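Good morning, and thank you for coming.

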Amino acid sequence: MSRRDEIADNLATVRSRIAGACSDVRRDPGEVRLVVVTKFFPVSDVRLLADLGVTDVGENRHQEAQAKVAECADLPLTWHFIGALQSNKAAAVASYSQVVEAVDRVKLVAPLARGARERATPLDCLLQVSLDPPQARGRAGADPEQLDELAAAVAEAGALRLRGLMAVAPLGEDPVAAFGRLGRIRQDFLTGHPAASWLSAGMSGDLEQAVRTGATHVRVGSAILGSRPRVK
Ligand SMILES: *Cc1c(COP(=O)(O)O)cnc(C)c1O
């Protein structure tokens with residue numbers, strides 16, 4: 001089977017999983033955007049994805065993302081930065097991404113805005129909220145209590161557009177429970193920020209639960225591209 005056929009088959013499977021989860025909760029599948037996570041995979045795969053109708057791709061490491069965006073400048077893709085963001089890389093990331101999904105602390109806002117001012121259009125930002133217990137190790141994301149302060153900083157920065165929330169279900173916990181908490185956090189958040197209605201949640205293993213909870217974006221890597229080399 002060619003790489004193209006393999007990716008096409010996997011894409012069809014993932015799209016039907018999304019459609020199935022939407023039909024469970026009577027959502028229109030058109031409300032859920034598929035972001036294919038291309039980290040560790042070559043530009044040739046990104047080109048196949050674009051050719052197969054994928055509109056959104058996600059990367060989580062600055063150097064790899066920057067190189068791929070440059071090599072794919074001819075493709076009509078929306079690039080999502082989904083990884084942990086260092087403040088000294090934030091301005092650069094803002095200059096080539098269309099969506100930054102991992103805004104989890106106020107310190108990132110000024111450099112993101114500085115990078116975003118070089119762009120023709122505002123940078124779409126999602127606040128990453130942590131679903132981990134407060135003392136968890138390697139915790140990524142803001143505490144739910146910090147979201148209002150973070151949202152205010154994004155709104156005041158200029159050049160940034162607050163779009164919504166992003167979360168990752170903790171390893172080792174039932175995603176139904178984790179996304180249940182996320183649904184309540186989002187409901188609270190929407191009362192103060194009704195226009196920030198995007199919700200990026202769900203990956204290869206838990207996208208159905210995320211879609212049933214109201215995700216507007218799912219970030220799917222291995223179910224479409226295969227297993228990644230081990231992260232060092
Ligand atoms: C790698 C990654 C994904 C994709 O994970 P899969 O399990 O391969 O679908 C989604 N979200 C984030 C933040 C990631 O880093």
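How far does a polar side-chain atom of Ser204 lie from an oxygen atom of the ligand? The distance is 2.5 Å, which falls under the term polar contact, a pair of N or O atoms within 3.5 Å. This is a predicted model, in which local features need pLDDT of at least 70 and side-chain atom pairs count only at pLDDT 80 or more, while totals for chains, interfaces and linings use all residues. Residues are numbered from 1 along each chain as its sequence is written, and side-chain values use heavy atoms, with hydrogens and water left out.

Arg219 has a side-chain N or O atom 2.9 Å from a nitrogen atom of the ligand. For Arg228, a side-chain N or O atom is 2.8 Å from a ligand oxygen atom. Of the 390 Å² of accessible area that the ligand has on its own, the protein covers 87% (Shrake-Rupley method, 1.4 Å probe).

The residues around the ligand, each with a heavy atom within 4 Å of it, include Val37, Lys39, Ile82 and Met166. By class, this shell has five nonpolar, three polar and three charged residues; Val and Met count as nonpolar, Lys and Arg as charged, and Gly as polar.

Finally, the cysteines. The count of disulfides, pairs of cysteine sulfur atoms within 2.5 Å, comes to zero. Thank you.

How values were computed: Polar contact = N/O pair within 3.5 Å; in protein donor to acceptor, adjacent residues only side chain to side chain.
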